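Hello,

Here is the structure I promised to pass on to you. Have a look at it first, and then read on for my notes.

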Amino acid sequence: MGSTDNTVLKDMIIFMILYGVAAQIICLFIPGDHLRMSAGLWIGVVGGIGMAVHMKRSLDEALILGEEGAKKYMQRSYMVRYLTVVVVFFAASYFKIANVLTLVAGIMGLKLSAYLQPAMHGLLEKFRKSK
């Protein structure tokens, strides 16, 4: 497997954890089953982190393959991530172990971290240099 710089992945993971903490604080003010809300949120955050790591590894592997092989490999990797999310959603809903809405909110941390990674990277670099 190829190896690339993990800076972007680390920044995204840090952002997703911070996002989870902020969302957890907001959940405390929402009336309802806080245990299931928290479970959904953190299952979503951990799922988002897992998806980010899987995407990075998939991209590293695809860079080694030829054009046609890379295309098939990335399609297969996408389906694995997609089906995993669907299974987690159905399990959380069926077994009532987590609030599905907060599960969605947790997974959306992946989207936010991807969009805000450049800004987050700048802030983290300033923080690292100040130490």
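Let me begin where two helices touch. From helix α1, the residues L9, M12, I13, M16, I17, G20, V21, A23, Q24, C27 and L28 make contact with α2, where their partners are H34, M37, S38, L41, W42, V45, G48, I49, A52, V53 and K56. Sorted by class, this contact holds 16 nonpolar residues, 5 polar ones and 1 charged one. Please keep in mind that the model is a predicted one.

How do the two helices lie relative to each other? Helix α1 covers residues 7–28 and helix α2 covers residues 34–64; their axes come within 10 Å and cross at roughly 170 degrees. Angles over 145 degrees count as roughly antiparallel, and α1 and α2 are therefore roughly antiparallel to each other.

Stepping back to the whole protein, you will find 4 helices and 0 strands. Along the sequence the pattern reads α-α-α-α. The C-alpha trace spans about 50 × 45 × 20 Å along the principal axes of the protein.

The largest pocket has a volume of about 340 Å³. It is lined by 14 residues, and M51, M55, I107, L110 and K111 are the closest to its centre. Helices α2, α3 (67–95) and α4 (100–130) each supply at least two residues of that lining. Which helix gives the most to it? That is α4, with 6 residues. By class, the lining of the largest pocket has 12 nonpolar residues, no polar ones and 2 charged ones.

Last, the charged pairs. Side chains of opposite charge can pair when their charged atoms come close. The count here comes to 3 salt bridges. One of the salt bridges joins the side chains of D11 and R128, with 3.5 Å from N to O. This pair links distant parts of the chain, since D11 sits in helix α1 and R128 in helix α4, 117 residues apart.

I hope this helps you find your way around. Happy exploring!

Best wishes

Key:
Residues are numbered from 1 along each chain as its sequence is written. This is a predicted model: local features need pLDDT of at least 70, side-chain atom pairs count only at pLDDT 80 or more; totals for chains, interfaces and linings use all residues. Side-chain values use heavy atoms; hydrogens and water are left out. Axes are lines fitted to C-alpha atoms, for helices over the stretch in contact, and angles run from 0 to 180 degrees between N-to-C directions. Angles under 35 degrees count as roughly parallel, over 145 as roughly antiparallel, 65 to 115 as roughly perpendicular and the rest as oblique. Contact means heavy atoms within 4.5 Å. Ala, Val, Leu, Ile, Met, Phe, Trp, Tyr, Cys and Pro count as nonpolar, Asp, Glu, Lys and Arg as charged, and the others, Gly among them, as polar. On a 1 Å grid over the protein atoms alone, a cavity is a set of points where a 1.4 Å probe fits but cannot get out, and a pocket is an open set with protein on both sides within 12 Å along at least five of seven lines; lining residues have an atom within 4 Å of a point. Grid points are joined across faces, edges and corners, and a volume is the space filled by probe spheres set on the points. A salt bridge is a side-chain nitrogen of Lys or Arg within 4 Å of a carboxyl oxygen of Asp or Glu.
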